[in-house]
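Here are my notes for someone opening this one for the first time. Have a look at the model, then go through the points in order.

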Amino acid sequence: VFSVSDICGNSMNIQSIAGTLENSFHHDKSIRKQAEETMKQFRGQPQFAQLLLQLIMTAGVSDPVKQSAAVYFKNLAKYHWDTREEFYLNDGDKAAVRGVVVDCMINSSSQIRIILSDAIARICEFDFPQHWPDVVPLLIQKFTSTQDMNIINGALFTAHSIFKRYRSEMELTSKTQQELLAIIGAVGQPLLNIVETTTQAVQQNAGNTAVLQQIFGVLNIATEIFFDLNCLDIADWFLNNLTKFMVAFLTLMGCNFPALESDDDDVPGVLDENKSLILQCITLCLEKFDEDFQPYVEQFTVAVWELLQKVSPQPKHDQLCISAMGFLTGVSRTIYHKLLADPEKQKMICEKIIIPNIEFRELDIDMFQEDPHEYIRRDIEGSDSDTRRRSACDLIQGLSKNYEQTVTSVFQGYINFLTQQYSTNPDNWKAKDTAMYLITALTVRGSTTAAGTKRINDMVNLNDFYQAHVVPELRDPGCPNAKFPVLKADAIKFVSSFRLQLPKDRYPELLQLLANWAMCPSEVVHSYAAAAIERLLMARDDNNQLRLQKEEWKALAGLLLQNLFGTLQQCKEENEYVMKAIMRVILSGQEHLGPFVPHILPILTGILTKVAGNPQHPTFNHYLFESISGLVKYNKGALGSIEQAVTPIFQQILASDTAEFMPYVFQIFAMMLESHTEVPPSYLSLLPALLTPSLYENKGNIPALVRFVRVYLEKSPAQVVAAGQLNPTLGVFQYLASSKMYDHEGFNLLNTIVGYFPREHLADVLKTVLTILFTRLMSSRTIKFVKCLVVFFSLFVIKLGADMLIQGVESVQAGMWLQVFPNVWLREMQKISGKMPRKISSVALTKLLTDSSAMMNDAFFGQLWSQALVAELKMLELGEEKDDEKDMYANKHVVGVDQLKDHDQGYMNAFCPLQCASKAEEDPCPEIQDDRAYFSQSMKGLMGSNHAAKCMQIMQGMPPDIQGVLQKLNVTG
């Protein structure tokens with residue numbers, strides 16, 4: 001173990017970084033925490049990124065330390081390469097990294113290559129090709145000047161890391177097209193040479209397994225690059241050389257080397273990987289470039305047909321089988337579907353391909369029982385694109401596109417046969433499982449996980465199947481125990497998938513049945529039941545109205561909560577589906593759940609106490625906090641008991657610095673405080689701690705902290721001032737205003753102060769606040785900041801008057817209003833988005849035009865009044881003006897609950913808002929219902945004042961189109 005004091009005392013170098021990384025694995029939490037703090041300090045120092053790469057290439061360093069260094073480097077590239085970040089690498093460090101990262105990538109282990117590939121992809125988002133034009137020539141030189149397969153593989157892998165970004169682009173822009181043409185012009189021929197020479201080398205080394213492994217490793221990356229460079233469009237160079245690639249691909253599809261089979265039943269061998277990748281490439285060509293691919297379609301169709309006859313049911317062949325069925329699905333949906341038109345051929349596809357790949361395998365049974373999380377992920381989360389069943393389902397739907405009647409007839413025959421097998425002997429439960437999957441594949445024509453099935457195949461009698469084969473499973477008197485739990489899961493999934501097709505008057509009975517199945521010992525079954533409960537409660541008709549109103553199921557609330565909580569407490573691990581169902585019952589039941597609060601509150605707080613000690617499942621935790629927030633929102637009468645139950649736990653979370661939970665705690669604290677008419681002493685004592693700068697270092701805290709602090713500012717401005725907390729609050733504002741990512745949160749604080757604090761408290765600090773804002777405006781102007789600034793100015797005018805704002809701006813620097821008003825406010829206000837911000841901006845500008853003594857002074861009137869009038873007319877008559885450039889800073893660190901599973905919690909905590917804790921948008925001028933009418937009325941008032949003559953003179957001198965708008969608004973005759 002490296003001494004923490006020694007490491008901290010040394011300057012940053014390879015040895016000190018290696019020691020710190022090693023300490024980050026230490027069993028002692030205090031040593032780990034110190035190591036993490038040290039790495040944070042290193043991160044901000046020059047040359048840190050280069051030293052990480054040097055560490056990775058240093059002999060004698062352990063693999064875990066190297067991998068940890070690679071992860072830190074990846075995160076540097078991910079979060080700090082972009083110059084729009086608050087902290088980013090300087091140009092010198094970036095250039096140094098670009099100079100060594102390719103060699104580091106090529107000479108690293110496969111595990112580190114995978115990590116570094118993400119870093120290189122991120123770097124290229126910003127630097128390629130403009131700032132890194134020599135990377136492609138460098139890589140070409142690397143893989144064309146050697147016979148060393150490891151170097152060739154590393155160079156190609158690096159190239160793939162750069163080129164794979166084109167797969168995620170939605171369209172081929174002219175810029176991207178120019179990039180691709182330049183890349184293909186350089187890489188195309190060397191890539192073809194590698195494909196051809198390695199394909200020839202396959203036969204030459206047929207008896208040398210070790211060499212074949214290396215050859216196919218290279219071929220696999222080369223095939224990936226073929227896909228990268230053609231995924232958006234096929235270039236002329238590839239069209240001219242397509243035959244050479246297809247000849248090589250056909251040759252490789254025909255290869256058979258048993259020695260290259262993987263010894264691991266779950267992991268494909270390199271030859272299977274190669275065929276899978278080739279199939280993905282030819283499917284791309286088939287679907288995107290069908291006419292150019294026409295000469296090869298029949299040959300590949302035959303090859304795929306033969307492959308699917310031989311492929312085994314072992315999981316190591318899953319991806320190969322999936323890719324092969326994907327190609328046949330592509331054939332069925334394109335102009336070549338006639339290759340599959342023969343009814344006998346369709347029958348063979350059903351018997352030989354679809355049925356075998358839908359059948360429940362022994363490994364599926366094992367997964368159902370031993371790895372239910374993975375089974376559920378594949379089956380009901382919409383993540384089943386990587387399963388044989390999903391691909392077989394897609395093939396059925398592809399065939400149905402052009403041959404729906406014959407395909408429906410063929411498959412209904414098989415469905416009847418399979419269900420009869422089960423009816424004759426229930427031990428044939430796998431036959432019914434296959435039938436359940438087939439009926440779904442045959443029926444669904446359009447669906448989403450969130451909304452359910454929207455369009456169906458009308459030739460399938462869905463209701464008959466439901467009554468005959470689904471209802472008996474749900475009404476099984478053995479519930480919650482199940483002899484064949486897979487069939488129960490199938491039946492529940494059927495209800496969930498076709499919830500919009502089932503009459504809504506059946507929903508109450510279904511909820512009762514599902515509540516009972518939520519107690520099933522099988523984790524898959526009770527998870528499916530919980531998911532189905534949640535989806536039934538959320539089901540909406542075409543008019544977006546809930547199909548089941550809360551009054552229609554409130555009698556079932558007790559049963560639902562009792563069974564769901566009962567299951568949750570019996571689960572070995574936190575079950576997010578059950579927790580989400582509990583959340584949905586609470587949020588949908590609203591005030592009807594009041595009688596249950598005393599019973600469920602202790603259970604929720606008990607769960608919270610348990611998970612707070614070791615947060616592991618982000619989505620489960622989110623639904624837990626959302627459930628608590630639902631109790632707060634809909635049960636005001638129980639606020640005291642809720643506060644009493646949760647506050648000690650919340651305080652412990654804050655004291656132990658449980659970063660994952662702190663944003664949730666602040667949000668719920670804000671909700672509870674809002675329910676009070678004034679700030680209680682117990683809350684007031686928390687305020688100084690909430691303004692501690694260190695709390696804002698965790699970026700996930702910022703929106704929640706601001707949300708919480710704003711409640712103090714709204715409820716008790718006098719108490720905030722009396723406690724001496726206004727200046728610390730403005731200190732937080734200043735910190736946030738300097739951040740491109742979080743300046744809008746600083747404006748949220750500032751706008752609340754303007755909206756609720758008396759004028760006298762603002763007069764003393766206004767010059768300082770405006771100086772901070774103008775400094776930021778001049779140093780690092782962004783779209784978001786300017787929009788926020790315009791809305792702030794507008795709110796200030798509405799609440800405190802235009803003259804006070806103008807005087808404040810002029811106090812910063814004489815003549816400043818003449819610069820800021822036309823060049824910031826008037827120029828950008830038309831880009832303001834959102835109904836309320838646009839109303840605020842319009843009303844404020846009307847007040848400036850009609851109710852400001854300062855604007856009527858000769859110093860401003862002649863230069864500004866007419867500009868302001870034109871801007872206001874545009875605001876009223878025209879829609880929002882679109883920005884020329886996209887705002888890259890808006891809500892960048894706010895994530896939805898669906899993103900929590902993939903979010904890198906260990907490196908940067910993002911903010912996930914609670915639905916119940918969201919704050920309604922306030923109207924600072926509710927008395928003004930129509931800003932157009934307010935403008936007309938105010939202008940008419942102005943025409944009756946002593947300023948009427950000079951204003952009328954200006955309006956009469958305006959262009960005819962402007963005068964027409966003024967007449968339309970009844971301002972002038």
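1. Let's begin with the rings. There are 35 aromatic pairs here, where rings of Phe, Tyr and Trp (its six-membered ring) pair if their centres lie within 6.5 Å, and planes under 30 degrees apart count as stacked, over 60 as edge-to-face and the rest as tilted. Take Phe 226 and Phe 249: their pair is edge-to-face, at 5.5 Å centre to centre with 80° between the planes. This pair links distant parts of the chain, with Phe 226 in helix 11 (residues 209–230) and Phe 249 in helix 13, 23 residues apart. Helices here are DSSP runs (H or I, at least four residues), numbered from the N terminus. Phe 226 and Phe 249 are both buried; that word stands for under 20% relative accessible area, with exposed for over 50% and partly exposed for what lies in between (1.4 Å probe, protein chains only).

2. Before going further, a word on the ground rules. This is a predicted model, in which local features need pLDDT of at least 70 and side-chain atom pairs count only at pLDDT 80 or more, while totals for chains, interfaces and linings use all residues. Residues are numbered from 1 along each chain as its sequence is written, and side-chain values use heavy atoms, with hydrogens and water left out.

3. Another ring pair is worth a look. Phe 792 and Phe 793 make a tilted pair, 5.8 Å centre to centre and 40° between the planes. Phe 792 counts as buried because its relative accessibility is 1%, and Phe 793 is buried too, at 0%. Both belong to one aromatic cluster, which also includes Phe 747, Phe 774, Phe 785, Phe 796, Trp 817, Phe 821 and Trp 825.

4. Now the charges. How many salt bridges are there? The count comes to 39, taking a salt bridge as a side-chain nitrogen of Lys or Arg within 4 Å of a carboxyl oxygen of Asp or Glu. In one of them, Arg 361 meets Asp 364 at 3.5 Å, N to O, and both residues are buried.

5. Glu 828 and Arg 781 form another salt bridge, with their closest N and O atoms 3.5 Å apart. Glu 828 lies in helix 43 (residues 816–828) and Arg 781 in the loop between helix 40 (766–779) and helix 41 (783–800), so the pair ties together parts that are 47 residues apart in sequence. Glu 828 is buried at 13% relative accessibility, whereas Arg 781 is partly exposed at 42%.

6. Glu 877 and Arg 932 also meet in a salt bridge, at 2.6 Å, N to O. That pair links distant parts of the chain: Glu 877 is in helix 46 (residues 858–877) and Arg 932 in helix 47 (residues 931–943), 55 residues apart. Glu 877 is partly exposed, with 28% relative accessibility, and Arg 932 is partly exposed with 27%. Elsewhere, a network of salt bridges links Glu 674, Arg 707, Glu 714, Lys 919 and Glu 922.

7. Most residues other than glycine have a negative phi, and most peptide bonds are trans. The bond from Phe 128 to Pro 129 is cis, with omega near 0°, and Pro 129 sits in the loop between helix 7 (110–127) and helix 8 (135–144). Cys 479 and Pro 480 are also joined by a cis peptide bond, with omega about 10°; Pro 480 is in the loop between helix 22 (462–474) and helix 23 (485–497).

8. Which way does phi go at Gln 47, positive or negative? Gln 47 has a positive phi of about 75°, although it is not a glycine. You'll find Gln 47 in the loop between helix 3 (29–43) and helix 4 (48–56), partly exposed at 47% relative accessible area. Asp 657 has a positive phi as well, near 55°. Asp 657 is in the loop between helix 31 (639–655) and helix 32 (662–674) and is partly exposed, at 44%.

9. Finally, a loop proline. Pro 426 is in the loop between helix 20 (388–424) and helix 21 (429–443) and counts as partly exposed because its relative accessibility is 40%. From Pro 426 to Ala 235 is 191 residues in sequence and 57 Å in space, C-alpha to C-alpha.

Methods: Helix = DSSP H or I, 4+ residues; strand = E, 2+ residues; numbered from the N terminus.
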